[in-house]
Amino acid sequence: MINLKNRRPLSSRDTKWAAGCAAWLANKGVTPNAISQASMGTALVAGVAFAASGHVGSVYGVGAFLILGAFFCQLRLLCNLFDGMVAVEAGKSAPDGPLWNEFPDRVSDLLIFAGVGLGVGNLSLGLAAGAMSVLTAYTRELGTGTGLAPDFRGPMAKPQRMALVTGAAILAVFEPLFAAAGTVLTWALWIAAIGAALTAIRRSARIRTDLLKRG
């Protein structure tokens, strides 16, 4: 069962289109766990697309792979939105739901950032960004594990990370006009890695402060 107190606040959850899509999925018999598992598939496609973008000779091919990667990053977020809505609003949660609600996100972060790293020829930087992303989730879960309210603050929480990668990928389509290949996405990896590290530090500081207040 999903603990509603641990649910990320999302304005998109209250929109009619999201409610309609979640209801359609539920009526078709799609389970929340299947949606969560599908999110890893979307992340894999995004990661492969980003990796391929750095190894094609055609400018049009590079642009196509970058747009494909950006699209599947957003599709990943939609999976993250709908799995919870089908589980909670449609009443289809499962006992193992908490596992599939969290585990695929960690895999997805690593797949996407590793793919970006391979695309720009810097796998280590991509893995570092992925590792820092996992650390942000760890600190959030650490806080809830001690009885504190979940901390979804950034500056580089999951929605911000995916917005950064998506925006950078779209900008990189036009990169031949103003910079060397891979420049934009390399900067995006640095921003994601540093921003996620700051996010983990910020959340950790909040945990320490709240625990000391609690005595």
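A: Let us start with D210 and R206, whose side chains meet in a salt bridge at 2.9 Å, N to O; a salt bridge here is a side-chain nitrogen of Lys or Arg within 4 Å of a carboxyl oxygen of Asp or Glu. This is a predicted model, in which local features need pLDDT of at least 70 and side-chain atom pairs count only at pLDDT 80 or more, while totals for chains, interfaces and linings use all residues. Residues are numbered from 1 along each chain as its sequence is written, and side-chain values use heavy atoms, with hydrogens and water left out.

Q: Where do D210 and R206 lie?

A: Both belong to helix 7 (residues 183-214), where they are 4 residues apart, about one turn of the helix; helices (H or I, at least four residues) are DSSP runs numbered from the N terminus. D210 counts as partly exposed because its relative accessibility is 23%, given that buried means under 20% relative accessible area, exposed over 50%, and partly exposed in between (1.4 Å probe, protein chains only).

Q: How many salt bridges does the structure hold, and why can such side chains pair?

A: Side chains of opposite charge can pair when their charged atoms come close. The structure holds 9 salt bridges, and one of them joins D105 to K158 at 2.9 Å, N to O. Since D105 lies in helix 4 (residues 97-120) and K158 in helix 6 (residues 158-173), this pair ties together parts that are 53 residues apart in sequence.

Q: Are R140 and E141 buried or partly exposed?

A: R140, at 5% relative accessibility, counts as buried, whereas E141, at 34%, counts as partly exposed. Their salt bridge has its closest N and O atoms 2.7 Å apart.

Q: Which residues touch the most other members of the largest nonpolar core?

A: A nonpolar core is a set of buried Ala, Val, Leu, Ile, Met, Phe, Trp, Tyr and Cys residues joined through side-chain atoms within 4.5 Å. The largest one has 23 residues, of which F50, C73, I112, F113 and V165 touch the most other members. Among the elements that give two or more residues to this core are helix 2 (32-53), helix 3 (59-88) and helix 5 (123-145), while helix 7 gives the most, with 6 residues.

Q: What is F50 in contact with, leaving aside its neighbours within four places in sequence?

A: Contact means heavy atoms within 4.5 Å, and the contacts of F50 beyond those neighbours include L66, C73, I112, V116, V165 and A169. A second, separate core of 10 residues includes A18, A22, A26 and V86.
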